[in-house]
Amino acid sequence: MCMTIIMEKVMKLSSNTLNILNNFSTINSGITVKSGNELTTVSAMKNIFAKAVVDETFETEHSIYDLSEYLGAVSLFDTPDFEFNGESVNVTEGDNSVTYYYADPQMVISPQKDIVMPEPEITFDLDEDVLGSLLKASSVLSLPDMVLSSDGTSVQLTVKDKKNSTSNVYSRTVAQGNGSTYEMFLRMENIKVVGGDYTVFVSSKGIAHFANRSQPVEYFIALEPDSNYNES
């Protein structure tokens with residue numbers, strides 16, 4: 001009788017992949033890693049969807065219930081090896097090791113399908129320093145909303161509290177206008193993207209697409225219902 005023994009591949013995870021996983025842990029506490037080289041996640045409210053193509057190819061589909069805890073275990077090592085088995089992943093370096101067991105996939109919220117982005121009416125580049133300044137202003141001044149607006153001539157990103165008429169406001173001009181006027185609202189708590197320069201595509205159908213210009217990672221973030229767009 002001939003028996004087939006399947007040897008699991010021992011691999012390393014790049015710092016970029018670990019950075020992506022750390023970022024995804026801020027969107028969803030768990031993750032299901034499909035076989036292949038694409039990582040995806042979705043927030044519990046289904047208002048943030050993210051995906052990234054990474055250097056590694058995963059052969060074993062597996063689910064992690066507490067991604068932050070898992071990454072914390074990985075941080076105990078410098079450059080560990082990962083062996084993804086049927087029920088667990090072995091993380092080893094020298095004589096040190098951690099065996100981390102997978103979760104039941106039904107316990108993890110995962111994307112069920114890809115996002116089809118509607119034709120965007122608005123496109124602009126959002127450089128890392130501009131995004132960083134908006135995030136910092138939001139944090140320092142406790143401003144919960146980001147507003148993408150245009151008077152037809154210029155396009156601005158503003159952080160403010162839209163429910164407070166005397167709110168502090170911080171604005172940056174990001175593009176020239178196309179003649180259309182609009183106010184598109186995003187919650188700052190939903191802007192959970194890795195650092196870098198982005199091209200942003202916004203559709204009046206209620207979604208913004210943040211595409212990183214230096215690495216294959218992108219985010220689809222729902223606009224708030226009171227967003228409005230008036231064509232020129």
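Tutor: What follows is a set of questions about the names given to parts of this structure. This is a predicted model, in which local features need pLDDT of at least 70 and side-chain atom pairs count only at pLDDT 80 or more, while totals for chains, interfaces and linings use all residues. Residues are numbered from 1 along each chain as its sequence is written, and side-chain values use heavy atoms, with hydrogens and water left out.

Student: What makes Lys-51 count as buried?

Tutor: Buried means under 20% relative accessible area, exposed means over 50%, and partly exposed lies in between (1.4 Å probe, protein chains only). Lys-51 has 14% relative accessibility and therefore counts as buried, whereas Asp-114, at 41%, counts as partly exposed.

Student: How do you know that Asp-145 and Arg-187 form a salt bridge?

Tutor: Their closest N and O atoms are 3.0 Å apart, and the pair is a salt bridge. Asp-145 belongs to strand S10 (residues 145-151) and Arg-187 to strand S13 (residues 181-187), so parts 42 residues apart in sequence are tied together. Asp-145 is buried, with a relative accessible area of 1%, while Arg-187, at 24%, is partly exposed.

Student: How many salt bridges does a search of the whole structure find?

Tutor: The search finds 9 salt bridges.

Student: How do you know what span to expect for helix H3 (residues 128-141)?

Tutor: The expected span is 1.5 Å times one less than the number of residues. For the 14 residues of H3 this gives 20 Å, and the end C-alpha atoms are 20 Å apart, which agrees.

Student: Which residues of H3 are buried, and what makes them line one face?

Tutor: Val-130, Leu-131, Ser-133, Leu-134, Ala-137 and Ser-138 are buried. Seen down the axis of H3, they fall within an arc of 160° (taken from the directions from the axis to the C-beta atoms), so they line one face of the helix.

Definitions and conventions: Salt bridge = Lys/Arg side-chain N within 4 Å of Asp/Glu carboxyl O. Helix = DSSP H or I, 4+ residues; strand = E, 2+ residues; numbered from the N terminus.
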